[in-house]
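Please look over the sequence and the structure below before reading on.

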Amino acid sequence: MIKPHSVPLVYAHERAAGALWCRGGIALLRQSLEGKFIVSAAHVWRGLVAHRDQLRGRMSIFIGLAPKVVSLLEAEPISIDDDLDIVILRAPPKTDALLGKKAFYQTLTWRQVPAADGETLGVLGFPGEICRSQQFTVEMESFYYENTCAVSSRGTNLLIGAFAAEPPVTVVHVDHPVSAIMDFGGLSGAPAFALRDGKPVWVGVVKQGAADKGISAGLQATLCHYVRADGTLQPM
């Protein structure tokens, strides 16, 4: 239910003829009554833009999976906040048509009920561990992670719990064997959803996993109720 709304946000650079170097994270396709937006982590966007501004040659910043991608190479944020670690961009025209089966998560009322302690949250992303590039094609497999969450005392952050042993992760739409995911690198910016009354409800934006601890450390996220319907951010 959440897979259509989660898309890779990727920077690709041709370092040698036909050889791509890729970095990135995840973004949410989000629609309100005031427009269509792309939401991700601020540090992901700043990293992609830094590569764009420092390097030369053939490059791209895009969302989606080849051949269905949308360029964001010249995009500028509507809002970006490093403390919240959230960035919001306006979706280019015809984004949903260009991305095929991807769809905007629609929030016709705002604000929604924030995540609560002990609520089960699910995150779907495209970790760097299972990202491959061949010539000018970037291939990624999706990864689903689910566990209960804890809300910080200030009500600004979420911790999506870790498992003592390897978690019951699900890798979907994989045509070949994939090893257990040991590193959450590349999941930053992914939307976190709560399942309520049989429907996914967007509650957070993933900031990070603990460095060098992979799946044993869980995920940290910012509650998404700081995001207004018009794509701006309310102060903390």
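In the protein chain, 67% of the contacts with a separation of 6 or more are between residues 24 or more positions apart; contact means heavy atoms within 4.5 Å. This is a predicted model, in which local features need pLDDT of at least 70 and side-chain atom pairs count only at pLDDT 80 or more, while totals for chains, interfaces and linings use all residues. Residues are numbered from 1 along each chain as its sequence is written, and side-chain values use heavy atoms, with hydrogens and water left out.

The protein chain contains two helices and 17 strands. These elements are DSSP runs numbered from the N terminus, with helices (H or I) of at least four residues and strands (E) of at least two. The chain has 236 residues, and 47% of them count as buried. Buried means under 20% relative accessible area, exposed means over 50%, and partly exposed lies in between, with a 1.4 Å probe and protein chains only.

The interior comes next. In soluble globular proteins, nonpolar side chains tend to be buried together. A nonpolar core is here a set of buried Ala, Val, Leu, Ile, Met, Phe, Trp, Tyr and Cys residues joined through side-chain atoms within 4.5 Å. The largest such core has 36 residues, and Ile86, Leu121, Leu158, Trp202 and Val203 have the most contacts inside it. Strand 16 gives the most to this core, with five residues. Apart from it lies another core, of 22 residues, which includes Leu9, Ile38, Ile63 and Phe104. Leaving out residues up to four places away in sequence, Leu121 touches a set of residues that includes Ala115, Tyr145, Cys149, Leu158, Phe193 and Val203.

How many cavities of 30 Å³ or more does the structure hold? There is one, and the largest cavity has about 40 Å³ of space. Its lining consists of Gln112, Val113, Pro114, Ala115, Trp202, Val203, Cys224 and His225. A cavity is a set of points on a 1 Å grid over the protein atoms alone where a 1.4 Å probe fits but cannot get out, and lining residues have an atom within 4 Å of a point. Grid points are joined across faces, edges and corners, and a volume is the space filled by probe spheres set on the points.

Two residues at the start of the chain can be followed together. His5 is in the segment before strand 1 (6-16), and Ser6 is in strand 1. His5 counts as buried because its relative accessibility is 12%; Ser6 is buried too, with a relative accessible area of 1%. A polar atom of the His5 side chain lies 2.9 Å from the backbone oxygen of Ala103. For Ser6, a polar atom of the side chain lies 2.8 Å from the backbone oxygen of Leu124. A polar contact is a pair of N or O atoms within 3.5 Å; within protein, one must be able to donate a hydrogen and the other to accept it, and residues adjacent in sequence count only if both atoms are side-chain atoms. Not counting residues up to four places away in sequence, Ser6 touches Ile26, Ala27, Lys102, Leu124, Gly125, Phe126 and Pro191.

Phe126, one of those residues, is in the loop between strand 9 (120-125) and strand 10 (131-134). Phe126 counts as buried, at 3% relative accessibility. Phe126 and Ser188 are 62 residues apart in sequence, and their C-alpha atoms are 9.7 Å apart in space.

Tyr226 is in the segment after strand 17 (219-223) and counts as buried because its relative accessibility is 6%. Beyond its neighbours within four places in sequence, Tyr226 is in contact with residues including Leu84, Gly155, Thr156 and Met236.

Most residues other than glycine have a negative phi. Asp85 has a positive phi of about 60°, and Asp197 has a positive phi of about 55°. Asp85 is in the loop between strand 6 (79-81) and strand 7 (86-90), and Asp197 is in the loop between strand 15 (191-196) and strand 16 (199-209). Are they buried or exposed? Asp85 is buried, with a relative accessible area of 8%, whereas Asp197 is exposed, at 80%.

Definitions and conventions:
On a 1 Å grid over the protein atoms alone, a cavity is a set of points where a 1.4 Å probe fits but cannot get out, and a pocket is an open set with protein on both sides within 12 Å along at least five of seven lines; lining residues have an atom within 4 Å of a point.
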